[in-house]
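Me: I would like to learn how to read side-chain contacts in a structure. Please take one feature at a time.

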Amino acid sequence: MKKILITNDDGFDSLGLKALVEALTPLGEVTVVAPTLEKSACSHSITLTKPLRFIELKERFYKLDDGTPTDCIFLALHKLYDSDSMPDIVVSGINRGSNMGEDITYSGTASGAMEAVLQGVPAIAISQVCKNYCENIDKFGYELAKDVIASLVKKIFEGKFPLEKRKFLNINIPPIAKEDCKGIKITRAGNRIYGNDAENHLNPRGAEYYWIGLPRLEWEKNNSSFTTDFEAVDAHYVSITPVHLDMTSYSDIEELQSWI
């Protein structure tokens with residue numbers, strides 16, 4: 001039986017995590033290790049300053065008190081599995097909200113997949129893009145995302161993972177009904193337009209505080225030959241972006257060598 005390890009940065013009781021478990025349980029033995037609290041935008045952070053512990057809620061379902069998605073995958077791979085019987089795949093999600101463009105670097109969801117491929121296990125990050133405060137999720141649930149991830153994992157199990165080591169698949173699901181999806185596009189990560197979304201307020205004692213909000217989902221126009229994740233989702237396609245961990249800007253090496 002194939003082994004599937006799942007995490008999520010929205011917390012162990014998130015609806016997206018439950019939907020992912022439902023989608024993948026028919027395909028293999030599912031183990032869940034997820035943060036106790038929401039860890040959105042925690043990036044690839046790992047906990048070094050305090051101890052962590054698994055809390056088993058039911059068979060093969062753990063919350064990590066109080067860890068990040070990276071903690072969850074790192075500890076699960078090293079403490080719940082033997083070195084000769086690692087999971088066949090790690091899936092991180094289904095995230096409530098998009099992880100497109102440079103948001104991949106902020107994402108706890110993407111970082112769960114990132115940690116898996118660093119440890120030599122194939123991985124997928126999957127996110128449900130939201131529209132109007134996620135009213136699409138309230139209306140349609142995660143049905144399209146469930147169909148997509150189940151079909152892709154099944155395809156991988158019947159063949160092989162399509163990427164080399166230290167690379168993972170980043171999937172974004174458009175905010176539409178399942179029947180309105182036009183298909184799948186292989187994309188590159190686009191360039192998001194970021195604004196100043198930090199609001200300042202006064203507490204009842206007159207002290208000023210700040211709250212970082214959620215910027216609008218806007219992106220730069222694409223001038224390359226590759227469709228971006230933003231464009232695909234906007235056109236009602238599922239976006240699948242291959243992501244690699246080598247952040248070197250190879251095109252700048254020679255020029256930088258001359259400059260130095």
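Reply: The charged end of lysine 185 sits over the ring of tyrosine 237, at 4.5 Å from the ring centre. A charge is taken to sit over a ring if NZ of Lys or CZ of Arg is within 6 Å of the ring centre and within 35 degrees of the ring normal. This is a predicted model, in which local features need pLDDT of at least 70 and side-chain atom pairs count only at pLDDT 80 or more, while totals for chains, interfaces and linings use all residues. Side-chain values use heavy atoms, with hydrogens and water left out, and residues are numbered from 1 along each chain as its sequence is written.

Me: How many aromatic pairs are there by the ring rule?

Reply: A pair of aromatic rings is described by the distance of the centres and the angle of the planes. Rings of Phe, Tyr and Trp (its six-membered ring) pair if their centres lie within 6.5 Å; planes under 30 degrees apart are stacked, over 60 edge-to-face, and the rest tilted. The count here is three aromatic pairs. One of them is edge-to-face: phenylalanine 54 with tyrosine 62, 5.7 Å centre to centre and 65° between the planes.

Me: Why is the pair of tryptophan 219 and phenylalanine 230 stacked?

Reply: Their ring centres are 5.3 Å apart and their planes meet at 10°, so the pair counts as stacked. Tryptophan 219 lies in the loop between strand 10 (208–212) and helix 7 (229–234), and phenylalanine 230 lies in helix 7, eleven residues apart. Helices (H or I, at least four residues) and strands (E, at least two) are DSSP runs, numbered from the N terminus.

Me: Is phenylalanine 230 buried or exposed?

Reply: Buried means under 20% relative accessible area, exposed over 50%, and partly exposed in between (1.4 Å probe, protein chains only). Phenylalanine 230 has 1% relative accessibility and is therefore buried, whereas tryptophan 219, at 27%, is partly exposed.

Me: Which residues touch the most other members of the largest nonpolar core?

Reply: In soluble globular proteins, nonpolar side chains tend to be buried together. A nonpolar core is a set of buried Ala, Val, Leu, Ile, Met, Phe, Trp, Tyr and Cys residues joined through side-chain atoms within 4.5 Å. The largest one has 36 residues, and Ile6, Leu24, Val91, Ile124, Ile149 and Ile171 touch the most other members. Elements that each supply at least two residues include strand 1 (3–7), helix 1 (15–24) and helix 6 (143–158). Helix 6 gives the most, with eight residues.

Me: How many salt bridges does a search of the whole structure find?

Reply: A salt bridge is a side-chain nitrogen of Lys or Arg within 4 Å of a carboxyl oxygen of Asp or Glu. The search finds eleven. One of them joins aspartate 138 and arginine 96, with the closest N and O atoms 4.0 Å apart. Aspartate 138 lies in helix 5 (residues 135–140) and arginine 96 in strand 5, so this pair ties together parts 42 residues apart in sequence. Aspartate 138 is exposed at 60%, and arginine 96 is partly exposed at 38%.

Me: What separates lysine 154 and glutamate 158 in helix 6?

Reply: They are four residues apart, which means about one helical turn. Their side chains meet in a salt bridge (2.6 Å, N to O). Lysine 154 is partly exposed at 41%, and glutamate 158 is exposed at 59%. Elsewhere, Glu22, Glu143 and Lys146 are linked in a network of salt bridges.
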